[in-house]
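User: I am new to this structure. Please take me through some of its features, one question at a time.

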Amino acid sequence: MTDHPDELALAEELLVAEGCVVRAATAPEAARVGPRRAGLVVEVRLRGARRGARKAAVHRVERLAARRSLALWVRESTLCTPPRERRTPYHVRLAPPTQGSAAARRVLRLARHLTGAHDQRAVSLPGPPDRAAAVAELTASRFGDRLFDASSEEVHGPPDPPTQPGDAPRILDPTTASGLLSLCLSVAALCAGALVCLTLGGALQRLDTPWRWTALLPGLALGDALGWFLAERHLSRPRRFALGTAMAAMFLFLGYQLMLALPVAGGDVLWATSLTVLGVAGAALAGAGVWWALVPSWLSRNAHWFVPVVAAPLFFVVPWFGRLLYTLYLTVGFGVPVEAVPVTTYSMTYAALKPIGLAAGFALVFVAAAGWARHTYWGRVPGDGIPGFVLPVVAALYIVTTLLVGLITAAAATDDAAAAVKEGRNPPGYYGLHGTLMCAKPLSKDIAVYNGPLVTDRPVLTFGSTGERIWLWGFQKAKGGKSEKGDWAAMSVRLEDVVLTAPPKSDETRCA
């Protein structure tokens with residue numbers, strides 16, 4: 001940049017305010033700068049992928065120079081990765097009790113875990129595991145006036161590396177050709193094992209024979225293989241087998257539920273399995289994007305107060321939204337007031353959870369996209385956070401999507417229920433609300449019917465009653481009563497004026 005004291009001071013102040021580390025160039029570094037120029041070494045610290053990091057750092061510095069009209073430009077840039085020193089933590093725990101019965105000793109050990117008597121002291125040593133060095137440092141240390149007593153305490157940590165080089169754990173180094181190939185083959189083997197477990201779970205549901213349970217034997221074998229791929233030589237054989245079996249059981253259950261949800265077999269099963277695999281992969285990518293979007297960010301730093309503030313109104317908003325959906329289903333669809341039907345707060349909450357969950361998943365897709373853009377430095381602006389307009393856009397998208405999904409699903413449920421009633425069938429349930437077709441018979445000739453006349457020749461739909469009146473929905477003929485023309489409408493009568501009976505089995509579309 002231009003060699004001027006004021007320009008240098010302003011540039012250093014602005015770069016430091018952006019979170020950069022600035023120092024003057026040394027004599028060897030400034031030898032090639034040229035006359036009337038000054039060299040600055042600027043360290044821009046970024047969090048994200050290696051690919052694109054150098055361009056993002058150059059873009060940040062040059063954007064700052066253009067915005068503040070600084071006579072500054074980037075002459076040379078290089079990616080520097082800070083060294084990561086290996087550290088081995090060791091924790092001090094109380095030695096296992098030796099006196100008392102076995103049950104008393106187990107109770108004492110459980111009490112130590114619950115009360116926090118364990119793990120009140122720890123030491124982190126640089127380098128690979130070395131238990132002797134950890135014990136020596138703890139014995140010689142007087143930090144916090146806590147002395148290490150080898151008679152009543154013991155050191156817990158990773159085991160020391162084996163003396164024979166061939167016994168060391170296999171570490172895949174992706175920077176080498178063989179390590180990258182081994183890593184790719186391991187990931188491919190894990191994916192293949194997951195697909196086989198999905199297929200076995202589908203076979204357990206589809207096959208109708210006692211021999212289907214033999215599919216669990218390959219599942220156990222795959223569980224052992226998955227555990228070997230996941231934690232080879234890092235966990236003991238029983239723990240490795242338990243980890244792999246748990247993963248295999250999860251995919252078996254997923255395949256079973258997938259086949260249970262499908263009405264037919266054949267090509268649709270293969271298509272649904274492929275969609276499931278793609279869905280799992282997409283969920284993994286979305287989860288990584290959401291993590292990169294929120295950690296670290298303003299939300300992660302202020303989650304201790306922001307999350308309770310956002311969650312507090314949900315106790316009132318969710319039941320209100322559920323009541324809105326019930327109003328659309330009952331009042332708009334069938335002309336029945338919500339207050340006249342036995343609907344609990346839990347049913348309203350249950351009705352609202354589905355559109356809220358779908359909208360949340362839809363909004364998280366955009367958050368994940370922003371996280372991937374942040375991780376790969378795409379569309380970055382100066383600063384380490386996501387652009388400020390993303391949060392209000394996602395919030396507005398979430399609210400609009402929730403309303404649209406809720407209203408559309410409620411309207412679709414109303415149409416399905418009305419179509420079932422017109423065909424003489426009981427309508428499907430709607431989040432705990434079940435309508436029933438009944439035949440209404442008046443107890444006297446002159447009864448008060450709201451929006452009458454009362455339909456008696458065919459079944460009417462009722463959702464129950466919470467008071468002295470009951471609301472019915474049925475087909476009312478046009479005036480004159482001779483033609484089949486008319487309209488479906490709601491009517492209300494007092495419970496003491498009518499008798500409701502089930503329609504006859506012989507013809508459920510007519511009443512006696």
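User: Which residues form one aromatic cluster?

Analyst: This is a predicted model. The structure holds 14 aromatic pairs. One cluster of aromatic residues is made up of Y326, Y329, F334, Y350, Y430, Y431, F463, W473, F475 and W488.

User: How are the rings of W292 and W372 arranged, stacked or edge-to-face?

Analyst: A pair of aromatic rings is described by the distance of the centres and the angle of the planes. For W292 and W372, the centres are 4.7 Å apart and the planes stand at 90°. Planes over 60 degrees apart count as edge-to-face. The pair of W292 and W372 is therefore edge-to-face.

User: Which helices does this pair link, and how many residues apart are W292 and W372?

Analyst: The pair links distant parts of the chain. W292 sits in helix α9 (residues 267-294) and W372 in helix α13 (residues 345-375). W292 has 24% relative accessibility, so it counts as partly exposed; W372, at 31%, is partly exposed as well. The helices are α9 and α13, and the two residues are 80 residues apart.

User: Is α6 roughly parallel or roughly antiparallel to α7?

Analyst: The axes of helix α6 (residues 177-206) and α7 come within 10 Å and cross at roughly 160°. Angles over 145 degrees count as roughly antiparallel. The crossing of α6 and α7 is left-handed. By its angle, α6 is therefore roughly antiparallel to α7.

User: R36 has a positive phi; where is R36, and is it buried or exposed?

Analyst: R36 is not a glycine, yet its phi is about 55°. R36 lies in the loop between α2 (27-30) and β2 (40-43). Its relative accessible area is 69%, so R36 counts as exposed.

User: Y431 also has a positive phi; is Y431 buried or exposed?

Analyst: Y431 has a phi of about 50° although it is not a glycine. Y431 is in the loop between α14 (390-422) and β6 (436-442), and belongs to the aromatic cluster. The cut-off for buried is under 20%. At 18% relative accessibility, Y431 is therefore buried.

Definitions and conventions:
Residues numbered from 1 in each chain as written. Predicted model: local features only at pLDDT ≥ 70, side-chain atom pairs only at ≥ 80, totals over all residues. Heavy atoms only, no water. Phe/Tyr/Trp six-rings, centres within 6.5 Å; stacked < 30°, edge-to-face > 60°. Helix = DSSP H or I, 4+ residues; strand = E, 2+ residues; numbered from the N terminus. Buried < 20%, exposed > 50% of the residue type's maximum accessible area, 1.4 Å probe, protein only. Axes fitted to C-alpha atoms, helices over the stretch in contact; angles between N-to-C directions. Parallel < 35°, antiparallel > 145°, perpendicular 65-115°, else oblique. Left-handed = near helix turned anticlockwise from the far one by under 90°.
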